Amino acid sequence: MFKLLETCHRFKTKLVTVFKLRLLVLFGLGGLACLALPPVGFFPILWLVFPAALWIFEKEPNRHRVFWLGWFFGLGYFVFGLYWITNAVLVGGADYLWAIPFALLGLPAFLAFFIGAVVLAWHWFDLRGWQGVLVFAIFWTLAEYVRGHVLSGLPWNLIAYSIDPSDALRQGASVVGAYGVSLAVVTLFAMPLVLLGDRRSRAGFVALGSVLIFGLVWWGLGSYRLAIAPSLEAKSEQITRLRLVQPNVTQTMGYDSQRIVEIINKLASLSFTELDPTTSAIIWPEGATESLFERQAQLRQSISQALPEGTKLITGTPRATIVSKLSAFVALNQRLESNAIDTVSEEWRYSNGLVVFNHLNQIIASYDKYHLVPFGEYIPLSNYIPLKKLVQFPADFTSGPGPRLISVKGLPEFIPMICYEGIFPAANFAIDQTGGKQPFWLLSISNDGWFGTSSGPYQHLTQTKWRGVEEGLPMVRVANSGISAVSDSFGRILVASRLNNTAVIDVVLPNSLQYQTIYAKYLDR
């Protein structure tokens, strides 16, 4: 009896050891999957990662344990894919050191629950062979969609972006969007599972062959679309010249009046040196001035005098909006050295915004960011969570009313996106709010100084340009530091700055498509 108990104990210990080993292997496989993402972009690695992970999931009979196997795979994927978040925390200095473990492991641990749920649901269906692969791909895509919408949503590093190095494969986004491409990617790279173990069957080989043929057709149609690209583009009646200014200002916490003056001087020097007078717009990045640009009368006057008559300045800036009259106004703006505030009896609401400014010293259009970064621009449940947000503006930013189309004389209509907003599919949703008027381009302004020298800026750039492929519109991206770039309606980068370098880019706005993409017309909701 004693020997039997001892044998059972050893067998149980061996099972636990094997399970722990599987957890480590899956964590490593999740990390390996990140090699398919920017900036490496080695997507063939997924032909190893997905079949191996699914094979291990199948071997686990216990559904409680299989969830944790999936969770560890997701943990590896998100830890290595999102490690750059710690750079943003480090910008905050000693006050935020406590948050490093939460940034490095806390957020990935939360996101990994989506992958754990995928594996658990897939395991419950208990399908093998090609049917199992297809069901897994569907569940994976649904999980990506849910994490892109639940709470405030974080659709960062969708598996679709792994195939970005292929211009041809990227064109699938114009039909089914990023989420649809994710479904195709998982199906394509997980299907070799049918060759492992006892799964070999005629149906399995037919399924694998069909998926590979689908991949070739996908690539072929994308290549054909690129070959006939000129005939798909709308011919513009006028040339739109843009100057993109990347000042590469070091990210710091807090606001200093002397620093603001130095930043403006640098921006002005980069903007007006050897400027072509036919330039339609000069574009500054997110929060370029680090002050309330609309309230800086002298600053605006000096800039307007340097602007050619037909040239607009588009700049990111904190914005202040009157909410209601109060008997006493706390001097928030005094901290911003904003002497242009003309009253002390009003309540102000602050937003992360964009304004369009002309040579007559007039603000002719504006936009307020509506999709804010939790803990970066505001603190969720701030009455109960005693934390300071990373962006040390005197007050929390508030959300704008939603996406909109900017229409000003001398510029083709465009949809603005500020930083974080560029990672969300469905940019063209703004058309529903503008009477169906079509944009000609997308503009994304950002400050990737939070990412440092990491994979973050490359991932952010990739996700932003995919919005242009989905909508059939050129994407203009201007960053404070990071990578500024212009991509055409097919997601091909035409010109780009180097990572974290001061840069001035003069470019002619590429043509948009002369028709709406299938995604923009039917699925962009």
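**Backbone, sheet and surface**

Analyst: Leu 151 is found in the loop between α6 and α7 (167-170). The model is a predicted one.

User: What is the phi of Leu 151, and is the residue buried or exposed?

Analyst: Most residues other than glycine have a negative phi. Leu 151 has a positive value although the residue is not glycine, with phi near 55 degrees. Residues count as exposed when their relative accessible area is over 50%. Leu 151 has a relative accessible area of 76%, so the residue is exposed.

User: Is the peptide bond from Pro 38 to Pro 39 cis or trans?

Analyst: Pro 39 lies in the loop between α1 (2-33) and α2 (46-59). Most peptide bonds are trans. For the bond from Pro 38 to Pro 39, omega is near 5 degrees, and the bond is cis.

User: Which residues form a nonpolar patch on the surface with Leu 32?

Analyst: Leu 32 is found in helix α1. With a relative accessible area of 31%, Leu 32 is partly exposed. The patch has about 420 Å² of accessible area together, and the residues that form it with Leu 32 are Leu 35, Val 40, Phe 42 and Leu 48.

User: What is the order of the open sheet of five strands, and which strands stand at its edges?

Analyst: The pairing in this open sheet is mixed, and the order is β6-β7-β8-β9-β10. Each edge strand has a single partner strand, so one side of each is left without a neighbour in the sheet; these strands are β6 (414-418) and β10 (493-496).

User: By how many degrees are neighbouring strands of this sheet turned against each other on average, and which helix packs on the sheet?

Analyst: With direction ignored, neighbouring strands of the sheet are turned by 15 degrees against each other on average. The helix that packs on the sheet touches β6, β7, β8, β9 (485-487) and β10. Its direction makes about 155 degrees with that of β8, and the helix is α13 (residues 456-471).

User: In which sense does β7 pair with β6 and β8, and which residue is the bridge partner of Pro 416?

Analyst: Strands of a sheet pair through backbone hydrogen bonds, either parallel or antiparallel. Strand β7 (residues 441-446) is joined to β8 (residues 475-479) by five bridges, and the two run parallel; Leu 442 stands opposite Met 475, and Ile 445 stands opposite Val 478. Between β6 and β7 there are also five bridges, in the parallel sense. The bridge partner of Pro 416 in β7 is Leu 443.

User: How many of the six residues of β7 are buried, and which of them point the other way from Trp 441, Leu 443 and Ile 445?

Analyst: In a regular strand the side chains alternate between the two faces of the sheet. Six of the six residues of β7 are buried, so this strand is largely enclosed by the rest of the structure. Trp 441, Leu 443 and Ile 445 point one way from β7, and the residues that point the other way are Leu 442, Ser 444 and Ser 446.

User: Is Thr 317 buried or exposed, and which residues are in contact with it, leaving aside its neighbours within four places in sequence?

Analyst: Thr 317 lies in strand β3 (residues 312-325). A residue under 20% relative accessible area is buried, and Thr 317, at 0%, counts as buried. With neighbours within four places in sequence left aside, the residues in contact with Thr 317 are Gly 287, Thr 289, Ser 291, Leu 292, Phe 293, Ser 351, Asn 352, Gly 353, Leu 354 and Val 355.

User: How far apart in space are Val 194 and Val 133, C-alpha to C-alpha?

Analyst: Val 194 is in the loop between α8 (173-190) and α9 (202-227). At 2% relative accessibility, Val 194 counts as buried. In sequence, Val 194 and Val 133 are 61 residues apart, and in space their C-alpha distance is 8.5 Å.

Notes:
Residues numbered from 1 in each chain as written. Predicted model: local features only at pLDDT ≥ 70, side-chain atom pairs only at ≥ 80, totals over all residues. Heavy atoms only, no water. Helix = DSSP H or I, 4+ residues; strand = E, 2+ residues; numbered from the N terminus. Buried < 20%, exposed > 50% of the residue type's maximum accessible area, 1.4 Å probe, protein only. Pairing = 2+ DSSP bridges. Axes fitted to C-alpha atoms, helices over the stretch in contact; angles between N-to-C directions. Contact = heavy atoms within 4.5 Å. Patch = residues over 30% accessible without salt bridge, like charges linked within 9 Å, V, L, I, M, F, W, Y side chains within 5 Å. Areas by Shrake-Rupley, 256 points an atom, 1.4 Å probe, with all protein chains shown as cover. Salt bridge = Lys/Arg side-chain N within 4 Å of Asp/Glu carboxyl O.
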